[in-house]
Amino acid sequence: MAKPIVYVTRKLPNEIISELTEKYQVKMWEEEEVPVPRDVLMKEITEANAVLSMLTDTFDEELLNMASELKIIANLAVGYDNIDLKACTSRGITVTNTPDVLTETTADLTFGLLLAVARRIPESVDVIRNDEWKTWSPYMMAGSDVHQKTIGIVGMGSIGEAVAKRATGFDMNILYHNRNRKPKAEEKLGASYASLEELLAKSDFVVSMLPLTKETKGMFDAQAFDRMKQSAFFINASRGGVVNEADLYQAIKGEKIQGAGLDVFANEPIGSNHPLAQLDRVVALPHIGSSTVDTRNRMAMLCVENIKHVLDGMEPLTPVKI
Ligand code: DGY
């Protein structure tokens, strides 16, 4: 009997792929830095029984109409806004993501971004790189304190809670806003629930950990930035689409807020000519929230396990539920 076909949409290490090759025929897009072109994916999807996909691959009706053999899309990310879930469900295609294994790593990066923008770390690195350090001076690169300030986390899922845990080490006052209250987080981390308006008004650091959905799209807009303190920073390590980037640019440029730390953008990748990347008080990163070798290996292995489970007729470990 022919082996089931697994299509991997980006080059992954041999140690990961070898976990699949015994039981399956594995086909892979052999590039690390270039996403699989749409036309190639359209062709490969026609015979694939499983796909190990990236957040750069769009699974919409048009593509899924070609996927007559497909049983599972195992997305190498906790987010899955690149996949039309309804269209998958109606075709009996299981979608899985990679929660939990990236929680702490993403929280580390989020907090690092917060520190970097508050203490002007990248700008300070440039002072030396550009030979601009002439002498020590009292207010050179004077930034903003983080300890004992108020952090407002919007989207208190597991990564939001992990960010809050880090904030306790900095003696921060922790506010959060979420669809539902999190009594355990309130008790364990001393976090207080706040309406979005209250959180925006009171926080020194507003941190978005929101998934991108119809409801959250463009949620951080001019009105939201107007509500924030002039001294506040906006941090986003979730999805770029939750922000109106033109409004954020105006808010920083017009000194309505102090700056931003951004790991994600509405249309990725961005270049140095992106307006936000040109502002001194913006620290812009290329979507590296969960990017450590250990965590990316764990994410890839979880995708592999999910594929094995589904192709063997079992429940996947981490299904996305509609
Ligand atoms: C995710 O998992 O959704 C991240 O954005 C990718 O690291």
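## How to read the model

Residue numbers start from 1 along each chain, following the sequence as written. Because the model is predicted, local features need pLDDT of at least 70 and side-chain atom pairs count only at pLDDT 80 or more, while totals for chains, interfaces and linings use all residues.

## Annotated domains

An unreviewed UniProt entry gives residues 6–320 the annotation "domain: D-isomer specific 2-hydroxyacid dehydrogenase catalytic". This span is 35% helix and 14% strand, and its end C-alpha atoms lie 19 Å apart. Helices (H or I, at least four residues) and strands (E, at least two) are DSSP runs, numbered from the N terminus.

The annotation "domain: D-isomer specific 2-hydroxyacid dehydrogenase NAD-binding", also from an unreviewed UniProt entry, covers residues 111–289. Over residues 111–289 the chain is 32% helix and 15% strand, with 10 Å between the end C-alpha atoms. UniProt positions follow the numbering used here, feature names are shortened, and annotations may be inferred rather than shown by experiment.

## Backbone details to look for

Asp100 has a phi near 65 degrees and sits in the loop between strand 5 (94–96) and helix 5 (103–118). Asp100 is partly exposed because 14 other C-beta atoms lie within 10 Å; the scale calls a residue buried at 20 or more such atoms, exposed at 12 or fewer, and partly exposed in between, with C-beta atoms placed from the backbone. Arg120 has a phi of about 55 degrees and belongs to the loop between helix 5 and helix 6 (121–129). Arg120 counts as buried because it has 20 C-beta neighbours inside 10 Å.

Further along, Glu268 and Pro269 are joined by a cis peptide bond, with omega about 0 degrees. You can find Pro269 in the loop between strand 11 (259–262) and strand 12 (282–284).

## A stop at Ala246

Ala246 is part of helix 11 (residues 245–253). With 13 other C-beta atoms within 10 Å, Ala246 is partly exposed. Ala246 and Ala222 are 24 residues apart in sequence, and their C-alpha atoms are 8.7 Å apart in space.
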